[in-house]
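This report is meant for someone meeting the structure for the first time. It takes up a handful of local features and follows each to its place along the chain.

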Amino acid sequence: MDFLSAWILSPSALPFLCLIWGTQAQQAFRSEPRNLTVRMGATAVLRCEVLRASGTVQWVKDGLLLGPQRSLPGFPRYSMIGNPKRGQYHLQIEKAQLEDDALYECQAGRSESSHAIISGSAWIDMLIPPSKPYFEVDMATPWVAGKKYTVACIAPDAKPVAEITLYKDGVELTGAESFTMSGSKDKLLNMRAEVTVTALSSDNGRQLACHANNPALFRPVETTMAMSVYFPPQPPVIVGLEREEVKAGRTLILECVSHGGNPLATLHWTKNGDVLSMTWDEDTVAQKSSSVLLLKITPADNQAVLCCESVNLVSLSPLSVSRKITVLFEPAEVTLSGSLSAIEGQDLELTCYATSSNPPVQIRWWLGYKELNTSVVVMEEGANGGMTTMSNMTHRVSREEDGLELTCEAFNKGTRFSKTQTSKLSVYYPPQKIWLDTPPEDVPLRSGSTVRLVCFATGGNPTGTLTWFKNGRVVTHAQKQTSFDRGVAREVVLVLTASDNMATYRCNAKNEAEKTISAQAKLMVQFPPVSMKITTKQVELRQGQVLTLECLSGSSNPKANISWSLGALRFQGVEQPPRKAEFGGVSVHSSLSLTLSSQHHNQRVICHGHSALLAEGANTFFKLNVLYPPEFKPEQPKQVQVVEDDIATIPLLVSANPEELSCIWRHHREKLVKERDVRYDWLDDNSLEIRNVTRKDAGVYMVKCTNDEGVNQTSIMLDVQYAPSVKAEKDPVFVNLGDTADLICVADANPIVSGIFSWKFLGEQEVEMGEETQEDESGLLTIHDVTRAHAGLYQCTADNGIAPPATVDVRLVVQFKPELQKGAQWRKVASRGDGTTTAEVVCQAEGIPRVDFSWERNGVRMDFANPRYEEQTVSEGSFHTSTVRVVNVSAALDYAVFSCTARNSLGEDKLDIQLVSTNHPDPPSSFRQVSVTHESVTLEWIPGFNGGLQQRFRIRYRWDQSASFLYVDVFPPRATFFTVTGLQPDTTYNFSVNALNNIGESGYADNNAVLTITTKEKPELEVPTDDDSVSHSASGLPAYLTVLFTVVFGVMLVFNSLGCYFGARWKKRRGQTGGRGGSVLDIKKNEEEGSSQSTVSNSNKYESGEKINTAAQRTLLIDSGSETDSHVYESYAAESSHYYYPTGDYIPPLSPHPEAIRRLDVTHLPVDCYSHEYEDVRDGGLYQDILASSLPSPPALLDHRLLYQRNERRSATHRQGTESVREFLDVQRLQQDSDLPFELRGELV
């Protein structure tokens, strides 16, 4: 078949096929496909029409068969169209693409009646328009006018190749060269056209356009590009400078404008080549740049050249405009120089000078109102291109011209400026007279006293200046000169000293007239020594040497007396005859000899010079620098105390001269160095510091100090005190009951102080502590007549005042003979005797040392080799428990008395335990009151034997006015104390308690005894005083909120009371309409039918009311008035003869329930408005099957809220909470017949 197909596809096989088929009906082409030219996106149709088509007709594209289906799958744009019945198989190509440019053939396959035929080949020539042309030219950098640039445009991906035409501003560019290149795909071509363009300034912003066209386009595609051409601006011009002459001080507003240019020109101003401004504004609309310059004219601008330059990026050189300025300005300063004062008769020479000005000034002189013409004028070139003017004037003065004004005037004709300089003329002449006011020269004055010397002078212009001299030297401390009507005065205030004795004081009067007159005086002064000086010939002083000191007093008048002192000691030296000295006084010389010691070091030897006449003197001292070897001060401590782990500082109080000394510390004869222990540190004074001191550091420390003069050493004891540690000498301590116990603890501490030990008993109960004594580091606690209460842990605490105290626990073990637990619950064990159960007979003893047990049954020692009996002993502390398990208990064999004997080395104890059948529980015992309030009573009791089953308890109580007893079931069931709430204040109640299990109930506790308790009075509400109200309001809620809450609470209370009242009325009507035939039957009916009333009361959410025992409502206490302890009940219910429910049906109620006589005329009590709040179980769903109560409790008598009970007992029963719930569930389990004691199943024992 493949061979035939190959022949069909080959034109050379046609003659051969003709020979094979002969004259059969031959297929032939009526029309064959022809070449087509198609634009991209158009629809092309190749015609193919076959006569007598009998074979499969299909098209071939470039040798690839397209398939016989007319839809041509795989070629979504290809399909065969035409009427196939007429042999029309035209190939239609929609949305022609470049890929359709190929060679096509139409073939008719071989059939039974004809051979295959193939049409002639036809080409589809696709016309592909070029993509959008684009320029290849760098316009990121603008062109520069005058330069040539090559512009290239490319028209990509066209078939046939596109023709490109370039335009500049609508004008076609000639001389373009074109190049053809391959396109991005086969059969596509790119055209590139290039042309050279010379940039012109007029081209800026105009368009370059590129047009691309080929036969596939109806109109050319175009791309454009804006040309950016840089060209230089026009030269700038200056606006605002009309005249070249300008007065100084004026502000010129000048504008520099430059038109044209791309980019617009940048402008800057210069003055004499210095830049003034580099800011300008650009106006793109007007195509200009402008820069405004505010220039304040100064004289320095005279002949200055202002220049404005414009330039842009393509300027060959900056373009500029310049203007020269001529400035008219006045002289900056007119000065008058020369002396304006002169002695009468002398010539006055003055100069008036005017600084540079333009034009130069003219100078004139005036003295008073008289113009002086004796002057010489000189002009010279000045600053800023101006001229300076100087006028020199000479004038002889007289006394009458003193005080006249001398004026120099400078005038500028160009600016009409005039400036003057004026000064007063002073003419001098000398003072006329001078005299002194001083003490007489022959009166002696005391040194230190104050003396005033006054000098007076009159006449002269100006008035004379007074100057005081002492022995020819100016007195600088003279007071300021003062003036009076006719002259001046100047005073000298002297505090007399030795130098004032016979000194000459002179006063001179002088003024600018240069003539001096003077007066003088002398003073006689008595003074003590002016100085004291001590000298010695010895350079170095050492202890033991004899020191000789020489003291020389300075000049004194009269002679002074010399004495010596050293500390508190006084000495008289050897004095020589006096000699004359300065200031007219005499000098005295004295010498002193002294033997030196170390105590003299740094002390001062004082030499006193005293004048008896003046009763005063002078002193000087000589400080002793005595060299001596190290000496330890008397206050050097011999012992240093420190607390362990602190820093120990061992002070070293040593003195030496020279002070540079070295000290070596030794401990246990070993030299201490920092490298040995980093804890050591030496302070600047050679003291030793030990960080984190330990008790090992205690002991004697030797220190040896050395300097250039010698060596010395001392020892210091370091006492390291530390907190105690304590241990027990013996633990535990065993002692027999009644003997004496000695507990000893030993402390390691420093110091061991009296009372360091204290003892404490760590048990819960209080015991009488024994005698505490101390022997050195041991603490002893002696306990005489030891009882069992003394057993336990004792804590010995050692505290010597250094924290922390140390403690050690010592256990005292009191040995005693065994004591068996003998309560009611220990004397009986109950179990069914049907051979299917196992009983555990438990015997528990307390005793020390270890207790051993032995067992007897009915007086015969038990043989535990019998597999029915197993014994196991467990010891925990002093408690020892022996348990005998009796397997498959038989009433005939095992109901007996089991005797348990407990023994140890101190004695024995025995207990008889009776194994009996399960029965009702025994009564509780020790029924007592725990606490009482105005509304509740807390009771406690000891449970009796439980009868072999789990037991629970019920409290019965009544008061005098009650018609019957009320009962409340204890919860949790096994609790042995309970709080009865909802009681009335100041009311006497009788309480009893009994036990119940699944078989029956016990008698009441303590042989049916009644516990009588009276509740307390209700406390009165305290009315707060005004002060209390204010303080409460201030510290609590605001007053208005308190009032608001009170009102709301009151309204809620009223609605609550109304609800209770109307509810009671509704219940009453319901009871009356239900018939008077008996409420018991109604209750039974409601329980059976599940009425709405029963449904509501059956709720176990404890929100609307607590459940009570319905059977208790159907019982009556017989003769309740006479037998308060009776527990005999009579039932009024027809279906039961006993008031207890089976375990599977009965759940103990949580609220007390009243017991009352049910009569036909008695209605129900009101519904209780309170509810339980047992939070421990309220969400557990434990009471969903509790039967509803049809006899509600009276709200005035009962309060079902057990908040008090919960709060008082929560901490005590927290651990038992889970166990209590589990036990309570155990009570509720439905007992099968096989679970009951066989005695209750009718079997004989």
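How many disulfides does the count come to? In this predicted model, the count comes to 9 disulfides, where a disulfide is taken to be a pair of cysteine sulfur atoms within 2.5 Å. Three of these links are set out below, together with the separation of their sulfur atoms.

| Disulfide | S to S distance |
|---|---|
| C48 and C106 | 1.9 Å |
| C352 and C408 | 1.5 Å |
| C663 and C705 | 2.2 Å |

**The link of C48 and C106**

The disulfide between C48 and C106 ties together distant parts of the chain, since C48 sits in the loop between β3 (44-46) and β4 (49-51), while C106 belongs to strand β9 (residues 103-108), and the two are 58 residues apart. The torsion about the S-S bond of C48 and C106 is about -70°, and the disulfide is therefore left-handed. Both cysteines, C48 and C106, are buried.

**The link of C352 and C408**

The disulfide of C352 and C408, with sulfur atoms 1.5 Å apart, also links distant parts of the chain, with C352 in strand β33 (residues 347-357) and C408 in strand β38 (residues 405-412), 56 residues apart. Here the torsion about the S-S bond of C352 and C408 is about -80°, so this disulfide is left-handed. C352 has a relative accessibility of 0% and therefore counts as buried, and C408, with a relative accessible area of 0%, is buried as well.

**The link of C663 and C705**

A disulfide also joins C663 to C705, and the torsion about its S-S bond is 110°, a right-handed link. Distant parts of the chain are again connected, as C663 lies in strand β64 (residues 662-667) and C705 in strand β68 (residues 699-707), 42 residues apart. C663 counts as buried because its relative accessibility is 16%, whereas the relative accessible area of C705 is 0%, so C705 is buried too.

C307 itself counts as buried, because its relative accessibility is 9%.

**The sheet that includes β38**

Strand β38, which holds C408, is one of 4 strands that form an open sheet in the order β35-β34-β38-β39, with antiparallel pairing. At the edges of this sheet stand β35 (370-372) and β39 (417-424), each with a single partner strand, so that one side of each is left without a neighbour in the sheet. From one strand to the next, the twist averages 25°. Between β38 and β39, the antiparallel pairing runs over 8 bridges, and L406 stands opposite S423 in β39.

**Two cis peptide bonds**

Where are the cis peptide bonds described here, and what lies around them? Another cis peptide bond runs from A803 to P804, with omega near 0°, and P804 lies in the loop between β75 (792-798) and β76 (806-820).

**Two residues with positive phi**

Phi of M502 is near 60°, a positive value, and M502 is placed in the loop between β47 (487-495) and β48 (504-510). Is M502 exposed, partly exposed or buried? With a relative accessibility of 46%, M502 counts as partly exposed, because that class lies between the limits of 20% for buried and 50% for exposed residues. For D776, phi is near 55°, again a positive value in a residue other than glycine, and D776 is located in the loop between β73 (771-775) and β74 (778-783). The relative accessibility of D776 is 59%, and D776 therefore counts as exposed.

Note on methods. Residues numbered from 1 in each chain as written. Predicted model: local features only at pLDDT ≥ 70, side-chain atom pairs only at ≥ 80, totals over all residues. Heavy atoms only, no water. Buried < 20%, exposed > 50% of the residue type's maximum accessible area, 1.4 Å probe, protein only. Pairing = 2+ DSSP bridges. Axes fitted to C-alpha atoms, helices over the stretch in contact; angles between N-to-C directions.
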